[in-house]
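Please look over the model below before reading the points that follow. They are meant for a reader who has not seen it before.

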Amino acid sequence: EFQLSIGEILLSELSKTELRAAIFVVANLLNAKEASDPAKRTKIAELNLDAAEKAKELSAFESAAKYVGKGIDLLPADRWTSMKELSLKMYSICAEAHYSLGNVAEMQKYCDEVLDQDKIPILDKMRVYHCMLITMGNGGRAPKALKMSLDILSQHRCKFPRNSASQMVTAFYGLSKIK
């Protein structure tokens, strides 16, 4: 309770520049005890997003995943209708952080959550598609990555001959394995 109060005071009294400099301290104080007020929970979730973005900029991917994970936990159950933009940012950053850490199963969980949202345009899902495609490519699943890429492009009404594109990628992939 005491830490939450200190965190709330700092959040309200610090300038934007000062808050940016002390964001990890403030986020940790506010995360020490769960707030019950929905407005406070949203504010703390947004602060955790800011902390995650800063951690990601510093290549502190484990911290980024921790902060954004905490922020996601603070969102309401109807997050995809009431806070679509915030939810999309949080899930995308969480997927990217877990990708960077090599936690493919965790990354996939956050990607799937975003991809399951039918009301989100495909362009807004590109960050999670990117994580998935890179993971597939690095995991020796280039043909599967190609298929997904072609599926994404077809949703934008871009058409490519599937067989010839697939054969080319498979051939190039095979050649790369020889060297």
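**Note on the model**

1. Serine 92 lies in helix H7, which covers residues 84–101; helices (H or I, at least four residues) are DSSP runs, numbered from the N terminus. The model is predicted: local features need pLDDT of at least 70, side-chain atom pairs count only at pLDDT 80 or more, and totals for chains, interfaces and linings use all residues. Residues are numbered from 1 along each chain as its sequence is written, and side-chain values use heavy atoms, with hydrogens and water left out.

2. Is serine 92 buried or exposed? Serine 92 counts as buried because its relative accessibility is 2%; buried means under 20% relative accessible area, exposed over 50%, and partly exposed in between (1.4 Å probe, protein chains only). Apart from neighbours within four places in sequence, serine 92 is in contact with Arg127 and Val128, where contact means heavy atoms within 4.5 Å.

3. The structure holds 8 salt bridges, each a side-chain nitrogen of Lys or Arg within 4 Å of a carboxyl oxygen of Asp or Glu. In one of them, lysine 56 pairs with glutamate 96, with the closest N and O atoms 2.7 Å apart. This pair links distant parts of the chain, since lysine 56 is in helix H4 and glutamate 96 in helix H7, 40 residues apart. Lysine 56 is partly exposed at 27% relative accessibility, while glutamate 96 is buried at 12%.

4. Which residues do salt bridges with shared partners join into one network? They are Glu34, Arg41 and Lys70. Arginine 41 bridges to glutamate 34 with the closest N and O atoms 2.8 Å apart. Arginine 41 has a relative accessible area of 18% and is therefore buried; glutamate 34, at 43%, is partly exposed. Glutamate 34 also forms a salt bridge with lysine 70, the closest N and O atoms being 3.1 Å apart. That pair too connects distant parts of the chain: glutamate 34 sits in the loop between helix H3 (23–31) and helix H4 (38–57), and lysine 70 in helix H5 (residues 61–74), 36 residues apart.

5. In soluble globular proteins, nonpolar side chains tend to be buried together. Here the largest nonpolar core has 46 residues, of which Leu30, Leu47, Val68, Met90, Ala95 and Cys111 touch the most other members. A nonpolar core is a set of buried Ala, Val, Leu, Ile, Met, Phe, Trp, Tyr and Cys residues joined through side-chain atoms within 4.5 Å.

6. Which helix gives this core its largest share? H7 does, with 8 residues. As for cysteine 111, residues up to four places away in sequence not counted, its contacts are Ala95, Val128, Cys131 and Met132.

7. The 12 residues of H1 should span 16 Å at 1.5 Å a residue, and its end C-alpha atoms, 17 Å apart, agree with this; the expected span is 1.5 Å times one less than the number of residues. Leu4, Gly7 and Leu11 are buried in H1. They lie on the same side of H1 because they cover an arc of only 65 degrees around the axis, taken from the directions from the helix axis to the C-beta atoms.

8. The buried residues of H1 pack against helix H2 (16–21), H3 and H4. On the face turned away from this buried side, H1 carries the exposed residues Phe2, Ile9, Ser12 and Glu13.

Definitions and conventions: Helices (H or I, at least four residues) and strands (E, at least two) are DSSP runs, numbered from the N terminus.
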